[in-house]
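Morning, everyone. I'd like to walk you through one structure today. Please have a look at it first.

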Amino acid sequence: MWRWAIFVPHPPIIIPEVGRGEEAAAAKTIEGMKEIAKRLKDELPDSLIILTPHHAMGRGLHVICANQFKGDMGMFRARNCRLEVDGDPELASSLAEYMESKGLSVSRSKGRLVELDHASFVPLYYLNKTWGTLPKVVIANPLGLDYEESYALGKFLRRFDANDKNLGIIFSGDLSHRLIPSAPAGYHPRAKDFDAAVVRAFETSNAEELLSLPEDEIERAGECGLRSALAFLGMAEGEPISVLSYEGPFGVGYCTAIWMPTKAAKGGSSGVESHPYVRLARLSVEHYLKTKQVLDPSQAFSLSPQVDLWSKRRGCFVSIKRLDGSLRGCIGTISPVRENLASEIIYNALAAAFEDPRFMPLSEEELAGVRFSVDVLSDLELVASVDELDPKVYGVVVEKGLRKGVLLPDLEGVDTVEYQLEIAAQKAGISSLKGAKIYRFTVERYEEVEKDL
């Protein structure tokens, strides 16, 4: 079972023992590495796979089956900076056999003690600093694959069954090596375009642009991370990726990003799954808290590929409640204002979390202590008499002049039509129902339940 995947750079200079103060120029990258380690501290895998472009290379995907890995930063003036980690040769063999069964070209090497390359060492250094321990490791090099095969590798990895082991994977790769005149591979004025394309691909979780890059654009970047980036995107399969940082302080592009599977992909529920509408509401808030960016509506299809769920246009309300049932935010639209329901849910979820004037903006620390619900509204019906209303079945809209108040149905404590209309009118600042229009609507209500989370 996959717990997570990360894409990280591997410049030795960001290790303090190597940088000796120069690492401060890459502060965003270091913060991204630390943030990844912090987020994953409670998601430690049983074994860890590292995809690196700097270890032994062979035909196709080269898998290294080792009992132990050991290395230091001696090549970078820090021989006392050392790491030792156990290998997982059984997992390495299973991985190689699985990829071969999928038609991917695979080569292997074996050893009792194998040297760690710097592209593996650097991310392991930061994980070990926070975790205080490291799981067993498998290292593989994708440089023998072409770009389409690298993308396919990620898709195959997503379906790799490790016999009930919890797994994590590091996709190690630097981006362009030609960003500034003093860059290690020389300078090209358009090298930055390559890095921008990779970051866009991560932000949209879409590999199409990278797979269609002209060979000369890849060449002028002088990169070492495209295959790792494509495999990372293939593994995410369109599910949201959080980009934590990007910078190029030494002329080489460094990007940190993280993907974690949905609860359904993790098998996180106990036989009951929350509806995709509710998962999308929570996901959109989580994504914004981590990236300060609005989730792309196309990500809805990672939660459910059923087009009809997302393509219709409906008004909806997103409610957020604390575990004690008290309200933490509620914002919605009576009629659709977005191009589809996916967008409607995303923007209303963000509004409920951050723009409800009754509450402070929701913080990341609060997420575990709140529950989301989504009410999808029917079309409004003008009623001729209050006899057509029922607060348990119908929500109401009270409209008078330019003022309009709305109240959802089946709310705790709202047991009579009179009280329902009174609250709706008060919300709009309507003092008298005389001359007001009253509409009713039904809702499809979707709620998170405890065992889904």
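Let's start in a loop. Arg-77 sits in the loop between strand S3, residues 60–73, and strand S4, residues 78–86. For background, most residues other than glycine have a negative phi. One caution before I go on: this is a predicted model.

Look for Asp-410 in the loop between S15 and H15. Keep those two elements in mind.

Now, helix packing. Two packed helices are described by the angle between their axes and the distance between the axes.

Pair one is H6 and H9. Helix H6 covers residues 191–204, and helix H9 covers residues 226–236. Their axes come within 10 Å and cross at roughly 15 degrees. Angles under 35 degrees count as roughly parallel, so H6 is roughly parallel to H9. The crossing of the two is left-handed. Who makes the contact? On the H6 side, Phe-194, Val-198, Ala-201 and Phe-202. On the H9 side, Leu-226, Ala-229, Phe-232 and Leu-233. By class, this contact has eight nonpolar residues, no polar ones and no charged ones.

Pair two is H11 and H14. Helix H11 runs over residues 276–291, and helix H14 over residues 341–354. They pack at an angle of about 55 degrees, and their axes are 9 Å apart. H11 and H14 are therefore oblique to each other. This crossing is right-handed. From H11, the contact takes in Tyr-277, Leu-280, Ala-281, Ser-284, Val-285, Tyr-288 and Leu-289. From H14 come Leu-341, Ala-342, Ile-345, Ile-346, Ala-349, Leu-350, Ala-353 and Phe-354. How do these residues divide by class? There are 14 nonpolar, one polar and no charged.

Helix H3 is residues 89–101, and helix H5 is residues 147–158. The angle here is about 115 degrees, with the axes 11 Å apart. H3 passes H5 in a right-handed crossing. Leu-95, Tyr-98 and Met-99 in H3 meet Leu-153, Phe-156 and Leu-157 in H5. That contact has six nonpolar residues, with no polar and no charged ones.

On to empty space. Rolling a probe the size of a water molecule over the atoms shows where empty space is left.

Cavities first. How many are there of 30 Å³ or more? The count comes to one. The largest cavity has a volume of about 50 Å³. Its lining is Ile-6, Val-8, Met-33, Ile-36, Pro-123, Tyr-126 and Leu-127. Three elements each supply at least two residues of that lining: strand S1 (2–8), helix H2 (27–39) and helix H4 (118–131). Which one gives the largest share? H4 does, with three residues. By class, the lining of the largest cavity has seven nonpolar residues, no polar and no charged.

Now for the second largest pocket. About 640 Å³ of space lies in it. The second largest pocket is lined by 23 residues. Nearest its centre lie Leu-327, Cys-330, Leu-408, Leu-411 and Lys-427.

Here are the elements I asked you to remember. S15, residues 403–407, and H15, residues 417–428, each supply at least two residues of this pocket's lining. So do S10 (316–322), S11 (327–332), S12 (370–377) and S17 (443–447). S11 gives the most to the lining, with four residues.

And the classes? The lining of the second largest pocket divides into 10 nonpolar, five polar and eight charged residues.

Technical notes:
Residues are numbered from 1 along each chain as its sequence is written. This is a predicted model: local features need pLDDT of at least 70, side-chain atom pairs count only at pLDDT 80 or more; totals for chains, interfaces and linings use all residues. Side-chain values use heavy atoms; hydrogens and water are left out. Axes are lines fitted to C-alpha atoms, for helices over the stretch in contact, and angles run from 0 to 180 degrees between N-to-C directions. Angles under 35 degrees count as roughly parallel, over 145 as roughly antiparallel, 65 to 115 as roughly perpendicular and the rest as oblique. A crossing is left-handed if the near helix is turned anticlockwise from the far one by less than a right angle, and right-handed if clockwise. Contact means heavy atoms within 4.5 Å. Ala, Val, Leu, Ile, Met, Phe, Trp, Tyr, Cys and Pro count as nonpolar, Asp, Glu, Lys and Arg as charged, and the others, Gly among them, as polar. On a 1 Å grid over the protein atoms alone, a cavity is a set of points where a 1.4 Å probe fits but cannot get out, and a pocket is an open set with protein on both sides within 12 Å along at least five of seven lines; lining residues have an atom within 4 Å of a point. Grid points are joined across faces, edges and corners, and a volume is the space filled by probe spheres set on the points.
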